[in-house]
Amino acid sequence: MHLLYLARGALARLPIVVRFLDLVLPHVARWQKLFFNTSFRHHLSTAIHKLASVERGAPELESLELHILEPETVDRTAIDNNVIILGGNVPKLTEFAISD
């Protein structure tokens, strides 16, 4: 299994997160687990909206976790909790966690 971590701080800007998601989203049909941790609410919001843009779903996804860890700034970005992600097609999903 390969893991990719973005360093916290000044280098983990939004364009990096968007590019990373754009690179991995074409492989969504093969995902079994997705863990997305960030220090910024706007990164989490972007991740949720990117996942909402995938209509074909993630048929192999079993675990999905989206977290904000140790927020570094006062970020008032609203997290939309009324979004259907991955087209609602996640038949094997047994674990889901989101925290902000």
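## Close-up views of a predicted model

**Figure 1. Lys92 has a relative accessible area of 38% and is partly exposed.** Here, buried stands for under 20% relative accessible area, exposed for over 50%, and partly exposed for what lies in between, using a 1.4 Å probe and protein chains only. This is a predicted model, in which local features need pLDDT of at least 70 and side-chain atom pairs count only at pLDDT 80 or more, while totals for chains, interfaces and linings use all residues. Residues are numbered from 1 along each chain as its sequence is written, and side-chain values use heavy atoms, with hydrogens and water left out. Which residue does Lys92 form a salt bridge with? The partner is Glu60, and the closest N and O atoms are 2.8 Å apart. This pair links distant parts of the chain, 32 residues apart: Lys92 sits in the loop between β2 and β3 (95-99), and Glu60 in the loop between α2 and β2. Glu60 is also partly exposed, at a relative accessible area of 29%. A salt bridge is counted when a side-chain nitrogen of Lys or Arg lies within 4 Å of a carboxyl oxygen of Asp or Glu.

**Figure 2. Asp22 and Lys50 join their side chains in a salt bridge of 2.7 Å, N to O.** Asp22 belongs to helix α1 (residues 14-24) and Lys50 to helix α2, so this contact ties together parts that are 28 residues apart in sequence. Asp22 counts as partly exposed at 38% relative accessibility, and Lys50 is partly exposed too, at 22%. How many salt bridges does a search of the whole structure find? The search finds two. As background, side chains of opposite charge can pair when their charged atoms come close.

**Figure 3. The whole protein follows the pattern α-β-α-β-β along its sequence.** That makes two helices and three strands. Of the 100 residues, 31% count as buried. The accessible surface comes to about 6600 Å², with 55% of it belonging to carbon and sulfur atoms. Such areas come from the Shrake-Rupley method with a 1.4 Å probe, and for residues only the protein chains shown count as cover. Among contacts between residues at least 6 apart in sequence, 87% join residues at least 24 apart; a contact means heavy atoms within 4.5 Å.

**Figure 4. Three strands form an open, parallel sheet in the order β1-β2-β3.** β1 and β3 stand at the edges with a single partner strand each, so one side of each has no neighbour in the sheet. On average, neighbouring strands are turned by 5° against each other, direction ignored. For such angles, axes are lines fitted to C-alpha atoms (for helices, over the stretch in contact), and values run from 0 to 180 degrees between N-to-C directions. Strands pair if DSSP finds at least two bridges between them. β1 is joined to β2 by six bridges, and Phe36 has Leu66 in β2 as its bridge partner. β2 is joined to β3 by five bridges, with Leu64 opposite Phe96 in β3. Is β2 enclosed or open? Five of its six residues are buried, so β2 is largely enclosed by the rest of the structure.

**Figure 5. The largest nonpolar core holds 18 residues.** Those with the most contacts inside this core are Trp31, Leu44, Leu51, Leu61, Leu66 and Leu86. β1 (33-38), α2 (41-52) and β2 (63-68) are the elements that give two or more residues to the core, and α2 gives the largest share, four residues. A nonpolar core is a set of buried Ala, Val, Leu, Ile, Met, Phe, Trp, Tyr and Cys residues joined through side-chain atoms within 4.5 Å. Leaving out residues up to four places away in sequence, Leu51 touches Leu25, Trp31, Leu34, Leu66, Ile85 and Leu86. Leu86 lies in the loop between β2 and β3 and is buried, with a relative accessible area of 1%. Its phi is near 55°, a positive value in a residue other than glycine.

**Figure 6. Asp80 lies in the loop between β2 and β3.** Neighbours within four places in sequence aside, Asp80 is in contact with Ile48 and His49. Asp80 and His49 are 31 residues apart in sequence, and their C-alpha atoms are 8.6 Å apart in space. Asp80 is partly exposed, with a relative accessible area of 35%.
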